[in-house]
Amino acid sequence: MTSLVLAGCGGGGGSAGGGSAELDIATLTSAQSLDPADALGSALPYFQAVYDTLLKRAPDGSFRPMLATKWSYDKDRTRLSLTLRQGVKFTDGSAFDAQAVKANMEHFKKGGGGAAKDLGALQAVEVRDATHVTLRLSAPDPAMLFYLSDAAGLMASPAKLAGGSLKTDPDGTGPYTLDKARTAVGDKYVFERRKGYWGSQLPYRTLTISVFDNETAIVNGLRTGQIDTAVLQDANQQEAVKSDTQLRTAEHTFDFQGLLLFDRAGVRTPALREVKVRQALNYALDRGTMLDKIRRGGGQTTDQVFGTGTKAYDKSLDTYYDHDPAKARKLLAQAGYAKGFTLKLPRISAIVNDALAASIETDLKAVGIKVVWDQLDGNSAVQRIYKDRAYSAMVMNIGQSPIDWVTVQDLVAPGTFNLFGSTDATVRQLLPRIQAGGPQAGTAARALNRHLVQQGWFVPFYRSSFLLVSGKDVKAEPQSGMGVPSIYDYTPAG
């Protein structure tokens, strides 16, 4: 999943009094649809305003009751039973119940959105009565509770699921309703506190999400007090606010940046079939210099794709590959590529800036690998990368979930970022053990992680530090599993 940056803009958070404050949040990307079927975890705040999820994920990653008050698995972990909250209504006045859960989960799974795969294991939703529902799974899914606190758990009025009206006229049970008169899709979204909300009212009467095209404007707003809070991803902008004593700052690590190797079977780039070539790519890159020059030291170099909060994480794997161009050249020669080869990569400016592109190109050229960049815009990127599968690799920012199975599904299992469906005997052996859960899952996850590193499945660069910034009148807390806070993580200071 590509990282999404959210930041506050427009000010007003400090004017809170008796829960009547206004909070503005700005984002560098827009939500073109507010239909839950189109939701992605990285854009969840847009949807949290109007839709509740079945489970609520606390800042530390633990799960709390929301629309579901209780949940439990059977001994095989293929049946998840939920007890639902009573007396909750959608904004159209219809009741939230088990039938609504069934309709929403079927809508999400069949909707074709970027997160539809999250319910890939869901075979059926069995309605026992109005307040009890059971999710029947084809196999255990260790990430299911996470998904139910994320995009897959969003609940909309069943009456509105067909027809497409939810894209611009959301109908949920959430703490806010969309003010359509003050909303311009793709530019600005204004949400007003919902009267009669079933839960505790959030402290802000009005929530606004505005779209910006750069972080410089956000930093200017923070400094002048016109912006309440921001998550800054750009290292230069982070440095610009750290010395401001009027701002609160907190670092948190959410994603890694690296080169994803899709074509490990050598379909488009035969060289990538060779494990020694993939290892050479890892030895060729000077990660320490990249981190210092591009991220200004904000983060940690790493050679693994699993995050520090997962069971798979192994600190020793962060430094598995030294920067060793001579060794890289030797491995290329042993693999039959002493004269190198050409690696064609897509480039999206929001992900690969000039400094990063030059660093990658220079390091790989030093060992005989020629990088050719194809400049793509957002629209052409989806078609060329994911549908045409035109590239063997891609530089990406990938969020690091605290759940091992989420990382496995995103990066290792055929699908989202394993576009060519690569696998091997070790992966096929370990994935079912991780999926089954229990004590063996952690051991299997660590074994998988080491195998992926040793086989050069990926070429990670570093884990990036995000900077959560807020004015003196707003407290903001980082959210586990998200690059930005949930809307529940903002409170007036004092």
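**Close-up views around helix H12**

**View 1. Helix H11 meets helix H12.** Trp405, Val408 and Val412 of H11 contact Val427, Leu431, Ile434 and Gln435 of H12. The residues of this contact comprise 6 nonpolar, 1 polar and no charged. The two helix axes come within 10 Å and cross at roughly 145°. The crossing of H11 past H12 is left-handed. The model shown here and in the other views is predicted.

**View 2. The buried and exposed residues of H12.** Helix H12 spans residues 425–436, and its buried residues are Val427, Leu430, Leu431 and Ile434. Seen down the axis of H12, these residues fall within an arc of 110°, so they line one face of the helix. Ala425, Arg428 and Gln429 are exposed on the other side of H12. The cover over the buried residues includes helix H11 (404–412) and helix H13 (439–454).

**View 3. The two ends of H12.** Asp424 caps the N-terminal end of the helix. One of its side-chain oxygens lies 3.1 Å from the backbone nitrogen of Thr426. Just after H12 comes Gly437, with a positive phi of about 75°.

**View 4. Thr229 in strand E12.** Strand E12 covers residues 229–232 and contains Thr229. The relative accessible area of Thr229 is 1%. Buried means under 20%, so Thr229 counts as buried. The Thr229 side chain reaches the backbone oxygen of Val469 at 2.7 Å.

Definitions and conventions: Residues numbered from 1 in each chain as written. Predicted model: local features only at pLDDT ≥ 70, side-chain atom pairs only at ≥ 80, totals over all residues. Heavy atoms only, no water. Buried < 20%, exposed > 50% of the residue type's maximum accessible area, 1.4 Å probe, protein only. Helix = DSSP H or I, 4+ residues; strand = E, 2+ residues; numbered from the N terminus. Arc of directions from axis to C-beta. Contact = heavy atoms within 4.5 Å. Polar contact = N/O pair within 3.5 Å; in protein donor to acceptor, adjacent residues only side chain to side chain. Axes fitted to C-alpha atoms, helices over the stretch in contact; angles between N-to-C directions. Left-handed = near helix turned anticlockwise from the far one by under 90°. Nonpolar A, V, L, I, M, F, W, Y, C, P; charged D, E, K, R; others polar.
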